[in-house]
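Please look over the sequence and the structure shown below before reading the notes that follow.

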Amino acid sequence: MNTNNKTTHIEYIKAKGKFAIACNTIIFSNEEIKLLEKYGHWLEALSSGTLLPCSPKQQQFIEVIRAQRKPETNIENLWFKYIKRKEIEAKYGKTLYATPTLKDDPFYNRDMAKMLKRTMFKVTKENHKNDIK
């Protein structure tokens, strides 16, 4: 099968359908998510060598993936960002998703937050009374 012509690339994109993003999408804009979902399979195939490049821009994309040059286009930056995010998540796991709560923080807990709020309200009230006089 000839994998380096434009028709093959278009058919590949259509056949694969929506790309499942394999990392947390919090760092991606809605536009970037749409691009990944539409072209992710194709970019992955170009990266892995399943599809051969059929244009100079695709060859440039391959060079970026192989770290032979820096990303220049939006799609190169997006794929680089996606790959790096996957690497970071593989290294650090679920700790990236953890959001600390007041109960988790031994320095500043819920009771302290309530006390601070009361104190701030009291000071504001006193300042307001002094301004009126």
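With which residue does Glu63 form a salt bridge? Glu63 pairs with Arg69, and the closest N and O atoms of the two are 3.0 Å apart; a salt bridge here is a side-chain nitrogen of Lys or Arg within 4 Å of a carboxyl oxygen of Asp or Glu. This is a predicted model, in which local features need pLDDT of at least 70 and side-chain atom pairs count only at pLDDT 80 or more, while totals for chains, interfaces and linings use all residues. Residues are numbered from 1 along each chain as its sequence is written, and side-chain values use heavy atoms, with hydrogens and water left out.

**Overall layout**

- The protein chain contains 5 helices and 0 strands, where helices (H or I, at least four residues) and strands (E, at least two) are DSSP runs numbered from the N terminus.
- Read along the sequence, the pattern of the protein chain is α-α-α-α-α.
- The protein chain has 133 residues, of which 20% count as buried; buried means under 20% relative accessible area, exposed means over 50%, and partly exposed lies in between (1.4 Å probe, protein chains only).
- Among the contacts in the protein chain with a separation of 6 or more, 50% are between residues 24 or more positions apart, a contact being heavy atoms within 4.5 Å.

**Salt bridges**

- In general, side chains of opposite charge can pair when their charged atoms come close.
- The structure holds 6 salt bridges, and one of them joins Glu32 to Lys81, with the closest N and O atoms 3.0 Å apart.
- Because Glu32 lies in helix α2 and Lys81 in helix α4, this pair ties together parts that are 49 residues apart in sequence; Lys81 counts as partly exposed, at 26% relative accessibility.
- Both partners of the Glu63 and Arg69 pair are partly exposed, Glu63 with a relative accessible area of 22% and Arg69 at 32%.
- Arg85 forms a salt bridge with Glu89, in which the closest N and O atoms are 2.8 Å apart, and the two residues, being 4 residues apart in helix α4, are separated by about one helical turn.
- Arg85 counts as buried at 13% relative accessibility, and Glu89 is buried too, with a relative accessible area of 11%.
- Elsewhere, salt bridges that share partners join Glu63, Arg69 and Glu72 into one network.

- After α3 comes Ala67, which has a positive phi, near 65°.
- The largest pocket holds about 170 Å³ of space; a pocket is an open set of points on a 1 Å grid over the protein atoms alone, with protein on both sides within 12 Å along at least five of seven lines, whereas a cavity is a set of points where a 1.4 Å probe fits but cannot get out. Grid points are joined across faces, edges and corners, and a volume is the space filled by probe spheres set on the points.
- The lining of the largest pocket includes Trp42, Lys57, Phe61 and Glu76, where lining residues have an atom within 4 Å of a point.
- Two or more residues of this lining come from each of α2 (30-48), α3 (56-65) and α4 (74-92), and α3 gives the largest share, 4 residues.
- The lining of the largest pocket divides into 5 nonpolar, 3 polar and 2 charged residues; Ala, Val, Leu, Ile, Met, Phe, Trp, Tyr, Cys and Pro count as nonpolar, Asp, Glu, Lys and Arg as charged, and the others, Gly among them, as polar.

- Trp79 is placed in helix α4 and counts as buried, at 2% relative accessibility.
- Leaving aside neighbours within four places in sequence, Trp79 is in contact with residues including Phe19, Leu36, Glu44 and Phe61.
- Trp79 and Glu44 are 35 residues apart in sequence, and their C-alpha atoms are 8.8 Å apart in space.
- Thr25 is found in the loop between α1 and α2, and the C-alpha atoms of Thr25 and Arg85, which are 60 residues apart along the chain, are separated by 9.2 Å.
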